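Q: I've got a two-chain model to go through with you. Can we take it piece by piece?

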Amino acid sequence: MNFEVAGKRVFAYTAAHELDAAKPTVVFVHGAGLDHSLFGLQSRYFGYHGRNVLALDLPGHGRSAGPALTAIQGMADWVSLVLKTLKIPNATVVGHSMGSLVALELAARHPEQAERIAFCAIAFPMKVSEPYLEAARANDYSALDMSTIWGYAAQVPLAGNPNPGMWMYGDTLARLERLAPGVLHADLKACNDYTAGLESAAKVKCPVLFILGRRDVMTPPRASRSLREKFSDARTVEVGVSGHTLMAEAPDATLDALIDFIS
Amino acid sequence: MAGPKYPSLDTLALHAGQSPDPATGSRAVPIYQTTSYVFRDTEHAASLFNMERAGHVYSRISNPTVAVLEERMAALEGGVGAIATASGQAALHLAIATLMGAGSHIVASASLYGGSHNLLGYTLKRFGIDTTFVKPGNLPEWKSAIRENTRLLFGETLGNPGLDVLDIPSISAIAHAAKVPLLVDATFTTPVLMKPFALGADLLYHSATKFLGGHGVAIAGVLVDSGRFDWEASGKFETLTAPYAGFHGMDFEEESGTRAFLLRARREGLRDFGACMAPMTAFQILQGIETLHLRMPRHVENTRKVVAFLSKHSSVERVIYPELPDHPDHALAKKLLPDGCGAVFSFEIKGGRQAGKRFIESLRIFSHLANVGDAKSLVIHPATTTHYRMSDADLQKAGITAGTVRLSIGLEDAQDLIDDLDRALNVARRGSGS
């Protein structure tokens with residue numbers, strides 16, 4: 001679905017359904033440099049199981065017009081504006097990596113709009129190494145390599161993809177190559193600069209789910225411990241076989257965790 | 001700027017797409033010889049059918065053994081994914097049928113495998129898809145042949161049988177300026193000798209029957225997508241960017257972005273045309289791929305020795321191999337194929353058709369058959385076999401004469417091959433009196 005927010009074109013995947021005011025809504029927010037289609041299987045499921053789905057392309061990503069936003073708080077405010085524009089009072093917000101920080105910040109800044117929040121891979125602080133940031137700043141291809149290789153569990157290049165016939169490394173690289181210069185750096189810097197996590201966590205009133213990959217090298221489970229301690233009632237699902245890109249590496253386990261949480 | 005390291009081609013050739021079987025610990029890729037897969041419950045079944053969960057439903061659409069081959073080939077080529085097919089021709093048809101329908105147009109190299117030429121020049125015409133054939137090295141001809149309804153540019157990395165080196169960087173630039181993709185047949189080069197996606201190609205396929213398998217026991221094809229072509233931005237591919245009534249109104253590009261082409265090719269092409277690969281075939285091709293990185297250098301090494309021998313032989317009119325300075329694409333070959341120009345090449349024997357016939361019938365190691373890319377050395381006479389349906393004019397366009405002999409150099413001892421060729425050439429010369 002294409003629409004406009006603040007005069008700029010926005011795309012959200014809706015699983016080929018019209019928005020229905022009578023249905024609850026699930027919003028998916030992708031990670032750094034990626035787009036809505038990383039949540040393909042999961043968003044499609046909810047779209048065909050009684051919910052409105054908005055799998056967003058953040059500004060400057062996928063089909064949404066740029067420029068990219070440069071701060072997590074700005075991204076959260078933008079998601080809030082999307083919901084208001086579409087007259088959706090509140091939603092379950094599912095984020096991946098950077099998108100998880102956006103979900104957290106949305107729930108803190110706009111609590112009335114967050115019915116539940118789910119984090120697929122999260123860390124706080126979400127520090128990005130200097131060489132990675134510098135490569136992204138220079139629009140050097142090695143930044144794409146780092147996003148790709150560190151974005152998956154180490155066994156991924158030498159093991160099978162649950163999605164038949166697909167090569168996860170190639171898919172991620174192809175997505176990242178479509179980004180306009182500077183977008184990946186804007187995303188990574190937004191993650192690196194985000195310092196409000198613990199304060200924002202204290203403001204969250206809605207149910208929270210952590211889905212973590214035990215083989216995640218970007219945001220390993222230990223890197224979210226301080227955040228999890230802020231949510232005494234949060235559910236945590238650790239997926240043994242997955243790295244950072246849970247939706248692709250362990251699509252069924254990720255979906256099952258979301259179904260259990262959202263239902 | 002140094003980044004983390006990808007596994008090398010040699011490692012991927014052995015491992016990509018498969019980890020030891022979780023059920024049995026089998027290190028080798030198991031042959032899942034099954035048509036179908038038991039659903040956990042009705043909800044699971046519905047989710048698989050509606051693409052809400054990953055998995056297998058029916059082996060015409062996907063199969064665990066075949067999926068290993070697909071993922072491995074995508075890894076070796078640097079694509080987003082692949083679809084294995086019943087043959088190389090099935091892969092070519094699947095690519096075309098996924099991209100276009102009646103009223104569309106293709107610009108193709110005139111130097112194609114005879115079967116591909118038949119499909120484009122005759123069969124697809126019946127279905128409303130026209131093709132303009134151009135000289136592969138004539139870049140202005142590629143450009144001027146493009147029409148409003150052109151949907152694909154197509155050529156072989158090494159043309160058949162003259163080994164025209166496809167100028168992929170230049171032709172892909174022409175294709176992209178016209179907002180259409182470039183598809184290449186990479187059978188003769190394999191990912192060991194050339195990476196077409198790195199040069200600008202968008203889609204590629206192999207007749208896996210040839211070097212990928214290498215053993216000559218299985219007919220197979222594989223179609224790989226780079227995921228780099230932006231179908232939405234092109235605006236010319238409704239099959240990928242408009243709702244498809246045949247799959248719940250799915251807009252494949254919207255649904256999956258980089259995977260749109262493969263998604264439609266699998267969900268429509270394999271579903272409806274059905275030219276899928278059998279699991280046993282996938283297993284056999286995988287056995288070949290595991291040694292591809294070792295075999296290709298030996299193929300090239302043997303070929304260079306045979307080419308050097310034939311180039312100096314008094315019964316040989318000329319040898320057509322891009323590594324030779326007199327080949328029209330010699331400079332391009334040095335640039336695009338630094339590790340070798342493959343192991344299939346042609347030469348013209350003095351004495352024409354009769355000499356060619358005597359030569360082929362006198363060979364002892366080379367097998368006279370209609371295939372290439374085998375571990376065993378092969379020989380054929382294109383004008384009477386692979387290209388026999390082509391008119392004289394088309395033959396000339398493709399660089400074939402009555403005396404053209406095509407060799408596929410195998411992995412035997414190079415000197416044994418040279419001795420065999422020398423003996424047969426001498427028999428041919430004595431018979432022709434030349």
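This is a predicted model: local features need pLDDT of at least 70, side-chain atom pairs count only at pLDDT 80 or more; totals for chains, interfaces and linings use all residues.

Q: What does the model score for ipTM and pTM?
A: ipTM is 0.96 and pTM is 0.96.

Q: OK, α7(A). Is it enclosed or open, and why?
A: Largely enclosed by the rest of the structure, because 8 of its 11 residues are buried. Those are Val183(A), Leu184(A), His185(A), Ala186(A), Asp187(A), Leu188(A), Ala190(A) and Cys191(A).

Q: What covers them?
A: The cover includes α2, α3, α4 (130-137), α5 (141-150) and α6 (168-177) of chain A. Those packing partners are found through contacts: two residues are in contact if their C-beta atoms, placed from the backbone, lie within 7 Å.

Q: Then α3(A). How many of its residues are buried?
A: 11 of its 12, and α3(A) is mostly covered. The buried ones include Met98(A), Leu101(A), Glu105(A) and Ala108(A). They pack against β3 (25-29), α2 (72-85), β5 (91-96), β6 (114-120), α7 (183-193) and α8 (197-203) of chain A.

Q: What span should that helix have?
A: 16 Å, at 1.5 Å a residue for the 12 residues 98-109 of chain A. The expected span is 1.5 Å times one less than the number of residues. The end C-alpha atoms of α3(A) are 16 Å apart, which agrees.

Q: Zoom out. What does chain A look like overall?
A: Chain A has 11 helices and 8 strands. Its C-alpha atoms fill a box of roughly 45 × 40 × 40 Å along the principal axes. Buried residues make up 58% of its 263 residues. Of the contacts with a separation of 6 or more, 75% join residues 24 or more positions apart.

Q: What about its radius of gyration?
A: 17 Å for chain A; a compact globule of 263 residues would be near 18 Å, so the value agrees. The radius is taken over C-alpha atoms, and the globule rule is 2.2 Å times the number of residues to the power 0.38.

Q: And chain B?
A: Chain B has 19 helices and 12 strands. The box is roughly 75 × 55 × 50 Å for its C-alpha atoms, along the principal axes. Of its 434 residues, 55% count as buried. Its radius of gyration is 22 Å, which agrees with the value near 22 Å for a compact globule of 434 residues.

Q: How is chain B divided into domains?
A: The assignment gives domain 1 (36-289) and domain 2 (293-432). Such bounds come from an automatic or database domain assignment. The contact between the two takes 27 residues from domain 1 of chain B and 36 from domain 2 of chain B. On the domain 1 side, α5 (114-126) and α8 (190-193) of chain B each supply at least two residues. The C-alpha centres of the two domains lie 29 Å apart.

Q: Now the A/B contact. How many residues does each chain give?
A: 46 from chain B and 38 from chain A. On the chain B side, α3 (64-77), β1 (81-85) and α12 (252-256) give two or more residues. α3(B) gives the most, with 6 residues. By class, that side has 18 nonpolar, 19 polar and 9 charged residues. Ala, Val, Leu, Ile, Met, Phe, Trp, Tyr, Cys and Pro count as nonpolar, Asp, Glu, Lys and Arg as charged, and the others, Gly among them, as polar.

Q: Where is Val80(B)?
A: In the loop between α3 and β1 of chain B. Val80(B) counts as buried because it has 30 C-beta neighbours inside 10 Å. Leaving out residues up to four places away in sequence, Val80(B) touches residues including Met166(A), Trp167(A), Asp225(B) and Leu262(B). Val80(B) and Asp225(B) are 145 residues apart in sequence, but 6.0 Å apart in space, C-alpha to C-alpha.

How values were computed: Residues are numbered from 1 along each chain as its sequence is written. Chains are lettered from A and ligands numbered from 1 in the order in which they are written. Helices (H or I, at least four residues) and strands (E, at least two) are DSSP runs, numbered from the N terminus. A residue is buried if 20 or more other C-beta atoms lie within 10 Å of its own, exposed if 12 or fewer, and partly exposed in between; C-beta atoms are placed from the backbone.
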